[in-house]
Amino acid sequence: CCYLVMGQRQSKLQVVALLVLLLAALTMEGIVGKLVGRLIVSSDDVQDESTTDDDDEDAANHWALGVLPLLAASFISGLAGALCQRLLQAAGGGRNPY
């Protein structure tokens with residue numbers, strides 16, 4: 001958000017923090033566990049088709065009701081922070097935070 005609003009690039013630490021936030025959201029929604037479980041299960045095992053359909057529907061619900069709203073809220077929060085910072089810096093040097 002800061003790059004879009006203020007033209008400032010994110011630091012490496014900020015990018016890592018955003019990736020950790022995404023990983024935490026995926027973990028909380030159980031998506032990471034399902035992906036790891038699929039990697040562990042060999043391709044020779046045959047699964048029931050109804051189970052696969054339920055898993056696909058659950059994954060879609062996790063994304064639509066969990067991950068995407070979290071990412072949208074994070075983006076809006078970052079945008080609000082960047083806009084406040086820009087306004088404070090543009091208004092005659094801003095205010096003294098101390």
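Helix H2 has 17 residues and spans 24 Å from its first C-alpha to its last, close to the 24 Å expected at 1.5 Å a residue. The expected span is 1.5 Å times one less than the number of residues in the helix. Helices (H or I, at least four residues) and strands (E, at least two) are DSSP runs, numbered from the N terminus. Just after H2, Gly-30 adopts a positive phi of about 80°.

The model is predicted: local features need pLDDT of at least 70, side-chain atom pairs count only at pLDDT 80 or more, and totals for chains, interfaces and linings use all residues. Residues are numbered from 1 along each chain as its sequence is written, and side-chain values use heavy atoms, with hydrogens and water left out.

The chain holds four helices and zero strands. Along the sequence the pattern is α-α-α-α. Of the 98 residues in the chain, 7% are buried. Buried means under 20% relative accessible area, exposed means over 50%, and partly exposed lies in between (1.4 Å probe, protein chains only). The accessible surface of the chain comes to about 7800 Å², and carbon and sulfur atoms account for 64% of this surface. Areas come from the Shrake-Rupley method with a 1.4 Å probe; for residues, only the protein chains shown count as cover.

Leu-18, Leu-21, Trp-63, Leu-68, Leu-70 and Leu-71 form a nonpolar surface patch of about 500 Å². Patch residues have over 30% relative accessible area and no salt bridge; like charges are joined within 9 Å, and nonpolar side chains (Val, Leu, Ile, Met, Phe, Trp, Tyr) within 5 Å. A salt bridge is a side-chain nitrogen of Lys or Arg within 4 Å of a carboxyl oxygen of Asp or Glu. Helices H2 (12–28) and H4 (49–90) each supply at least two residues of the patch. H4 gives the most, with four residues. Trp-63 lies in H4. Trp-63 counts as partly exposed because its relative accessibility is 36%.

Asn-61 is also found in H4. Its relative accessibility is 36%, so Asn-61 counts as partly exposed. Asn-61 and Glu-29 are 32 residues apart in sequence, with their C-alpha atoms 9.7 Å apart in space.

Arg-86 is another H4 residue. At 46% relative accessibility, Arg-86 is partly exposed. Arg-86 touches Val-5 and Met-6, not counting residues up to four places away in sequence. Contact means heavy atoms within 4.5 Å. Arg-86 and Val-5 are 81 residues apart in sequence, yet 7.8 Å apart from C-alpha to C-alpha. Across the chain, 70% of the contacts with a separation of 6 or more join residues 24 or more positions apart.
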